[in-house]
Amino acid sequence: MNYQLLLPEIFLFLWAIFIFIVDFFRKEKKQNLAYLALLGIIITIVLVMTSQKGDLFGGMFHADSFSTFFNLIFLATGFLTILSSVEFTKKLPSYQGEYFGLILFSMVGMMFLASAGELLTLYVSLELTTIPLFVLAAYRKDEQKSSEAGLKYLILGGMSSALLLFGISLLFGLTGTTFLKELKTTLIVKFISTGEIGPALALSLIFIIAGLGFKLALVPFHMWVPDVYEGAPTPITAFLSVASKAAGIAAFLRIFFRAFLIVQVDWVLLLAVLASLAMIIGNVIALLQTNIKRMLAYSSIAQIGYILIGAVSASSTGASSIAFYTFVYMFANMGAFITAITFSNSTGSDEIKDYAGLSRRSPALAAMMAVFMLSLVGIPPLAGFMGKYYLFSSAIEQDYIWLVVVAILTSVISLYYYLGVVRQMYFQASPDEKAVSIAITPAFKTALIISVIGVLIFGILPHIFLNLANQAAAVFLY
Amino acid sequence: MNFPILSLMTFIPLLGMVVILLTKKEQENLVRYLAALFSFIPLVLSFILLSQYRGSTSQIQFVEKFDWIPSLGITYYMGADGLSVPMLFLTALLGFLSVIYSFGDIKERIKQYFAFLLLLEVGMMGVFAALDFFLFYIFWEIVLVPMYFLIGVWGHGRKEYSAIKFFLYTLFGSLFMLVGILALYFNVEPHTLNMMVLIEKAPMLTRGFQLLVFSAFYIAFAVKVPVFPFHTWLPDAHVDAPTAVSVILAGILLKMGTYGFLRISYPMFPQGAIYFALPIGILALINIVYGALVCMAQKDLKKMIAYSSVSHMGYCMLGIAAITVTGISGCVFQMVSHGLITGALFLLVGMLYERAHTREIQAFGGLWIKIPVYSGLMLLFCLGSLGLPGMSGFISEFMVFIGSFPSFKIIVPLAVIGVVITAAYFLRTIQAMFLGTFNTKWEGLTEISAREIFTVVPLAILMIGIGIFPSPLANMIKATIENIVHLVTG
């Protein structure tokens, strides 16, 4: 048993506990804990990049290119989240250590999720991912919306876990195994012998899609997103919108591209329809939003639609395009949220109309926000365009032209609300009393610069991560 | 010729943009001189391009090619031929002249203005130089963002509305082109995005596929040209944009559409070109006549010139639809000529607006008495725009009519009506604004300045030069046009 493969996860877990302990014994200067958490993440990143590949526990745990790729996404997102939480935690009256510890625990859960080779491991990892997030969403004890967010997330999250578990149990009943590789061979045998999937298998697929769909904020399981995103502390919203989605995507890819590839003809069309619904509903409702967090919430609902376009290709190109887009989406989305956090720290507002005139007050901040918005639309030469190009090409390769047409029409719609923020910043004049520039602390600056560089570079030189995404997807070839 | 002239022409303005963004806000004059410098260099390079270009062959020259993202079939491939060289020159020239004009026009947020203007030039140069579809698409879209800001921040009237309308409309069209590009990529073995290779492989594509993808690209290019009924963004964007931006919009951006037809749609989807020839011709006719009629109804000078662009681009489309060497040559001549003439007209309108703060035709009268030099220049360009022989507009319209008549025996005579209407609205405007009794309201008008004369004189020289000696340009484009016609008609 090569337990060395578990080293990154174990390390991060212990580091989280370490932060709890440090917090318990410190009586003053709680701000240092953020940097302690950042250090832990950096060490984990190094461990992930230097770890070997292999399987553990008879295939329950895979350490392969796929898990490495997604682990990097989770760790980078966590890094940016904690950087942007420095100001927030300074103001917390209590439980500061727990904040960072919970984020790290959630990340451990995500890392196990990306490595899962077996459904119950996947389920437990999913729980480890989401339960800390329930608590974190309610962290602003002085805000009623925050408690509401936490409670909504808890109830709906719990219910969707139950759905997922039910689907898994049906699957176990049908095939006698929960190991994904064995599921695949068993299903192949069944499929070849009967020629069609039975009602039980269809039902289990639907429950699994429903359970995962909640995590992914897939329409029609998206209702919790706007309220939870608006109520949660904004760094946690950022974390939710990127990391927990990426975790859901990793889980989705593991299950569907490993176990269910043989019956793809049935779920591919369903997902294409769900993706279209997500793009349409997410983009259209985002048009009406006046609060930036809600707007970004609906935008992320739509973005999942784009990501699932890659699923219809049910091949390694499709998986690769999903992985690559998740990666570039992280930069743009985190960047947008971090800008919103920076802005609301100075002005206390999350309303888009308060961004008026930002281009004069803080030209650099406004310019970065504009870049993030344009990347989310998918304007070249930004990274968002490269990601969308890859997704569209994998869909067209499979002749799903109608899906791509839906995607481009909704992209045009999305231009309008993403540019709405740009319009406020550049075309409107700021009310005179607020003609003060936004303070950007070093922590925010670092986080923003990382995000902007990511968005600018990976549109033109995507090679490194494109290759990593291809390698990650190659895992599903056998 | 072994330095990468096309990449330099494309990316030096980008370097200029970065340098300008690094200057301090207060150094306004430095920003202006930097902008002038970084738009002058591409102009110099374009002269080199013109002198080094060999018009005797339709082969691509000045090639720069290397692998960019091999796993997706994307190469960095730049090259120029008889179609793109005049466009590259026009872009460099109008880019430079609009920077010079903007010295007096733009008074606030100067740094950002020139940064966006230079970024715009990068996009336009790249579109004409790129020969890989992915590269082409990137440059095509890069143009949208600075245009949005330029119109929305420094424009007048309903600038925000016009800016977002422009962006949405053009993005809508471009995304259909993206679908077309991807469909093309997957339908060719081996998969490639290299335009020249795709042109060669065109006969392999099935007829149905060609018709479909032709239509997809048509949407994108039709919005740009603009073809009726996709033209409604143009009056808003042209009128509400600041002067220099209107010049670039009318002078170059519209030509990106016709360039797209000639570079991509016609060589790669000849079946589509032939099948849709009559509808395209009819729409061209509507552009010409309807555009001219709407001009007759305009009270705002700038809006009238904007609609005249719609009308003039109709001549381009007519020449393209005819698929003859003379017709398409006429189209390319019109692309150059219209860029020069309408560019100058917008500059002149801007100069008047700066002084008088109105663009209403009837508000003026007898201006020749007060500002004779300006009036003379305006008359010159109006006559050029209506196609007076001796100027480039006549050559292009004449070639279009002669070249299209064999294909469209009914449409062409009807299109000639457009020429008459054009003459009517231009002459009427000149009479209302410059002739007659002097309207004493304008006692304080100042004459055109030396800097402003500098911006329009090169355009005048070229307009008359091409009008009297069209052969240099004709020889430059001939081989390439013949190749295009050959590719379509087989």
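In this predicted model, 28 residues of domain 1 of chain A are in contact with 39 residues of domain 2 of chain A. Two residues count as being in contact if their C-beta atoms, placed from the backbone, lie within 7 Å. Residues are numbered from 1 along each chain as its sequence is written, while chains are lettered from A and ligands numbered from 1 in the order in which they are written. Because the model is predicted, local features need a pLDDT of at least 70 and side-chain atom pairs count only at pLDDT 80 or more, whereas totals for chains, interfaces and linings use all residues.

**The two domains of chain A**

- Domain 1 of chain A covers 1–158 + 224–257, and domain 2 of chain A covers 267–478; such bounds come from an automatic or database domain assignment.
- A distance of 22 Å separates the C-alpha centres of domain 1 of chain A and domain 2 of chain A.
- On the side of domain 1 of chain A that touches domain 2 of chain A, at least two residues each come from helix 3 (65–90), helix 9 (224–231) and helix 10 (234–259) of chain A. Helices (H or I, at least four residues) and strands (E, at least two) are DSSP runs, numbered from the N terminus.
- Helix 10 of chain A gives the most to this side, with 12 residues.
- This side of domain 1 of chain A has 18 nonpolar, six polar and four charged residues. Here Ala, Val, Leu, Ile, Met, Phe, Trp, Tyr, Cys and Pro count as nonpolar, Asp, Glu, Lys and Arg as charged, and the others, Gly among them, as polar.

**The two domains of chain B**

- Chain B is divided into domain 1 (1–269) and domain 2 (276–490), and the C-alpha centres of these two domains of chain B lie 22 Å apart.
- Contacts between the domains of chain B involve 44 residues of domain 1 and 45 residues of domain 2.
- Helix 3 (84–105), helix 10 (233–240) and helix 11 (243–268) of chain B each supply at least two residues of the side of domain 1 of chain B that touches domain 2 of chain B.
- Helix 11 of chain B provides the largest share of this side, 13 residues.
- By class, this side of domain 1 of chain B consists of 29 nonpolar, 12 polar and three charged residues.

**The overall form of chain B**

- Chain B contains 21 helices and two strands.
- The radius of gyration of chain B, taken over C-alpha atoms, is 21 Å, close to the 23 Å that the globule rule gives for 490 residues, so chain B is as compact as a globular protein of that length. The globule rule is 2.2 Å times the number of residues to the power 0.38.
- Along the principal axes, the C-alpha atoms of chain B fill a box of roughly 70 × 60 × 40 Å.
- Of the 490 residues in chain B, 62% are buried. A residue is buried if 20 or more other C-beta atoms, placed from the backbone, lie within 10 Å of its own, exposed if 12 or fewer do, and partly exposed in between.
- Among the contacts in chain B with a separation of 6 or more, 82% are accounted for by residues 24 or more positions apart.

**The contact between chains A and B**

- Chain B contributes 23 residues and chain A contributes 24 residues to the contact.
- Helix 5 (133–142), helix 6 (144–154) and helix 7 (159–187) of chain B each supply at least two residues of the side of chain B that touches chain A.
- The largest share of this side, 13 residues, comes from helix 7 of chain B.
- The side of chain B that touches chain A has 19 nonpolar, two polar and two charged residues.

**Backbone features**

- Most residues other than glycine have a negative phi, and most peptide bonds are trans.
- Val219(A) and Pro220(A) are joined by a cis peptide bond with omega about 0°, and Pro220(A) is in the loop between helix 8 (199–216) and helix 9 of chain A.
- The peptide bond from Glu189(B) to Pro190(B) is also cis, with omega near -10°; Pro190(B) is in the loop between helix 7 and helix 8 (195–201) of chain B.
- Arg109(B), in the loop between helix 3 and helix 4 (110–129) of chain B, has a positive phi near 50°. Arg109(B) is partly exposed, with 18 other C-beta atoms within 10 Å.
- Ile323(B) has a positive phi of about 50° and is found in the loop between helix 14 (301–322) and helix 15 (325–356) of chain B. Ile323(B) counts as buried, with 21 C-beta neighbours inside 10 Å.

**Confidence**

- Chain B averages a pLDDT of 91, and 100% of its residues score at least 70; pLDDT is the predictor's confidence in each residue, from 0 to 100.
- The predictor gives the complex an ipTM of 0.88 and a pTM of 0.91.
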